[in-house]
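This briefing is intended for reading alongside the sequence and the 3D view.

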Amino acid sequence: MALQNHCYYDREMLFFYSNSNQTKDDWDNTQLILVQAVGSLFCIFILLSNLLVITAVITNRRFHYPFYYLLANLAASDFLAAIAYVYLMFNTGQVSRKLTVNGYFLRQGLLDTSLSASLANLLVIALERYISVMNCKVHSNLTKRRVTLLIVLVWAVSISMGAVPSLGWNCVCALENCSQLAPIFSRSYLIFWSVSNLVAFLVMVSVYMRIYVYVKRKTAVLKVATSGSINRKRTPIKLIKTVMTVLGAFVICWTPGLVVLLLDGLNCEQCQVMKFKRWLLLLAVLNSVMNPCIYSYKDEEMWATIKNLIRCVGNGTRRQRSSKANSRPLSSGQDTGVSQPPSEETKGGEEEQDIIKT
């Protein structure tokens, strides 16, 4: 009964920041504006680049395999992460202290969901790679239905993980259990969250290393058997290297933040976890920036498809400008009754439009 009388769902976040001894923000307005400006540029890049990756997988029939569908889903999780970063950046500093409890849950829930989605996608990709390697194939035999079910499962688990604090595992009714980094999150939840993710990192690295070693040995045997004529572009090793690079970047960028969360959950007063808060967030943003670059750098076909998409967008923009120019009002020469012959540019634009229509 006492717990029910001391729940503070109606309070603003300033109350919880004060409870966690966060009475002032370390960054002034100039620093916050600079971070928001740079962060916004990064987020625009993340949104556009991951949208290109998803579009490339949809439009290029060579990517219509389970691995690339799951890779597109990983890009979708980075797309969500960019949205979460934008929402966080413009709801931080003094603004965060005016948030409601539900507003804070939404802010953190978006971040937790995107992280869970990235982690779950990498686990599912590890499963797909394992199946393909054990069958000695570049791509697994997973049907589209099974891949769709895996994608739905990834997002169901991720949304559930992101919603856990708002469903009750918080300290709104037990202020003595509140953490510093997330003032309405229980320290026990931070321990669970950080340990579970760190263990998942360790498992994934172990699995991918075993797959990589197995494929290396298999490729070496095939190379000897075929007198060195094996085409490396047709082996699973190329795709595994891509995923391992993505995994490595993910682990490097997220492990420091998870360690700091664990220290906060363990109530380490000497660790000064608040000093690393925003820098670790920028490191997480950097991870989402790196992923589409890794896809395109490691996969020549992906890069070629993305370049073609960019060219199509550029050509479409030029055609639109040309059609707008052709639809402008007639010049004063025709207003006076003097007809003017069409220019070569106009003819070229009309011919282009005729070709497009056919």
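**Structural briefing**

Helix H5 is largely enclosed by the rest of the structure, because 26 of its 34 residues are buried; buried means under 20% relative accessible area, exposed over 50%, and partly exposed in between (1.4 Å probe, protein chains only). The model is predicted, so local features need pLDDT of at least 70 and side-chain atom pairs count only at pLDDT 80 or more, whereas totals for chains, interfaces and linings use all residues. Residues are numbered from 1 along each chain as its sequence is written, and side-chain values use heavy atoms, with hydrogens and water left out.

**Helix H5**
- Helices are DSSP runs (H or I, at least four residues), numbered from the N terminus.
- H5 covers residues 101-134, and its end C-alpha atoms are 49 Å apart, which agrees with the 50 Å that its 34 residues should span at 1.5 Å a residue; the expected span is 1.5 Å times one less than the number of residues.
- Just after H5, Cys136 takes a positive phi of about 55°.

**Salt bridges**
- A salt bridge requires a side-chain nitrogen of Lys or Arg within 4 Å of a carboxyl oxygen of Asp or Glu, and by this rule the count comes to two.
- Arg62 pairs with Glu301, their closest N and O atoms being 3.1 Å apart.
- Arg62 lies in the loop between helix H3 (29-59) and helix H4 (66-89) and Glu301 in helix H10 (residues 300-326), so the pair ties together parts that are 239 residues apart in sequence.
- Arg62 is exposed at 58% relative accessibility, while Glu301 is partly exposed at 27%.
- In the pair formed by Glu128 and Arg129, the closest N and O atoms are 2.7 Å apart.
- Glu128 is buried at 0% relative accessibility, and Arg129 is buried at 0%.

**Surface patches**
- Patches consist of residues with over 30% relative accessible area and no salt bridge; like charges are joined within 9 Å, and nonpolar side chains (Val, Leu, Ile, Met, Phe, Trp, Tyr) within 5 Å.
- Val195, Val199, Val203 and Val207 make a nonpolar patch of about 270 Å².
- Val195 lies in helix H7 (residues 187-225) and is partly exposed at 35%.
- Residues three or four places apart in an α-helix point the same way, because the helix has 3.6 residues a turn.
- Lys216, Lys238, Lys241 and Lys298 form a positive patch.

**Positive phi in a loop**
- Most residues other than glycine have a negative phi.
- Asn267 has a positive phi of about 60°, and Gln272 has a phi near 50°.

Note on methods. Areas by Shrake-Rupley, 256 points an atom, 1.4 Å probe, with all protein chains shown as cover. Lys, Arg positive; Asp, Glu negative; His and termini not counted. Charge placed at Lys NZ, Arg CZ, Asp CG, Glu CD. Helix = DSSP H or I, 4+ residues; strand = E, 2+ residues; numbered from the N terminus.
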